[in-house]
Amino acid sequence: MIWMRECEVAVVGGGPAGLSAALEASTLGAEVVVLDRDDGPGGQLIKQTHRFFGSRAQHAGVRGIDIPDILTEEATEQGVEMIFGAEVAGYYPDGVLTFKKDQKWCKLRPERVIFCTGASERFLAFPGSDLPGVYGAGAVQTLMNVHGVRPGQRVLMVGAGNIGLIVSYQLLQAGVDVVAIVEAAFDIGGYAVHASKVRRLGVPIMTRHTVTRAHGQQQVEGATLMQLDEDWDPVEGTEQYVDCEAICLAVGLNPLAELMWQAGCSMAWIPQLGGYVPICDEDLQTTVEGVYVAGDASGVEEASSAMMEGRLAGLGCAHSLDRVDSDRYRQRREELLHELAALRSGPTGAKIREGLQKMQQAQPLRQVLVEGSDC
Amino acid sequence: MNEEEIIICRCEDITLADIRCMLQAGVDDVEEMKRLLRCGMGPCQGRTCRPLIMQEVASHRGVDLEDMKVPVFRPPFIPVKLGLLAEAYERRGEQDNGQTS
């Protein structure tokens, strides 16, 4: 047999969902191993300098960057083993996870697995979009909030959702000139409170506009903006040139679902949740027994919801391993579902609620990766 | 708009012109296109270009993204040196000492 170790619960990804899942499952007595490709815990939290909303359960009032330490300390006390610099490469039909760590090929066979792999940034393709200076919004946040480096002195923001608005504000705080925020849709997708804040600071938000070209030889020196018609095509004659050193794309996220496809989970196409997501029950168990999912990988949402989902998945795992009696399990589950419902209430949660409803009637799709199949 | 200037798959340097050329030639299946062009087979394994290619093929065929066949996600989906696998094979049979490194 090839070198392999076993454990009760493996959590892939040590972001808000993964850390919460590990903490919940370990507190109830499960043996948990967390794999994360980064050098430390936190995932996207390490760049979220803003204070969180929600309730105490989601660390409301605490800055995102301070949450990983709190969760990690508690998880370590509960005996969670965290393996950093571990890049997961695949999940196989016999329940084995392979990963790369310190230039070694490792295998782990958990009894339960929770995929908290997060999401990847969407990209736009236009002439010049491969020039240095075209960034995803996540990359800009990493540069500024983790490394203290400005992406440029003048930045064009593409996308007026919450990420586009918040990153614009962080750029302004760092002394960067945000030349404009362009948004292809009719409306600003983000919260009005964020939009007003950047507008007050003099940043124009141009709806029904997009970027059609990045200019420059070695790096971005400017961009062409154009208005869009009813068919979402650029209108000739509306070209505007803006001078900028960087273009920041905040045009949405795709759940990172490779591992779920490989596990043979039934997936559903739900645009409200970001694309293909696994079909889950209330414990966030997928259609494959023992395979759970939490956070953006199960549908793109806020980090606060990701933490509650992680808790639910961790609880579900512990329950399936007989580590929690049924009464306590039901009570805790109610608590967590209540927290999640509160986070998803109101007009801002409408899209998520719609997406979750759509999951109930979704047409599942499944890939089978076994010997002898044509895959 | 010059299609040759638009890079769709950055890992493998595939332009929009390359993709549309395939579509013109009747290759309108993402899996088939992947085999012919190597788009989505570089270090990022299609995380950036897959949605762009799916969108392009869907609009060429006049179908919704929802009705598109999804390319298969084979492991490993990160770059792995063959030496690493060979070294793991050499280590086979070793007892698990609880260490991962």
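Start by selecting chains A and B: their contact takes 37 residues from chain A and 35 residues from chain B. Two residues are in contact if their C-beta atoms, placed from the backbone, lie within 7 Å. This is a predicted model: local features need pLDDT of at least 70, side-chain atom pairs count only at pLDDT 80 or more, and totals for chains, interfaces and linings use all residues. Residues are numbered from 1 along each chain as its sequence is written, while chains are lettered from A and ligands numbered from 1 in the order in which they are written.

Stay on chain B. Where it touches chain A, the elements giving two or more residues are strand S1 (7-9), helix H3 (49-61) and helix H4 (82-90) of chain B. Helices (H or I, at least four residues) and strands (E, at least two) are DSSP runs, numbered from the N terminus. H4(B) gives the largest share of this side, five residues.

Now select the sheet in chain A. This open sheet has five strands, in the order S8-S15-S9-S10-S11 (chain A), with parallel pairing. Two strands pair if DSSP finds at least two bridges between them. Which strands are the edge strands? They are S8 (134-136) and S11 (205-207) of chain A, and each pairs on one side only.

Zoom in on S9 (residues 154-158) and S15 (residues 246-249) of chain A. Four bridges join these parallel strands. Pick Val155(A): its bridge partner in S15(A) is Ala246(A).

Last stop: helix H4 (residues 162-173) of chain A lies across S9, S10 (177-183) and S15 of chain A.

Key: Axes fitted to C-alpha atoms, helices over the stretch in contact; angles between N-to-C directions.
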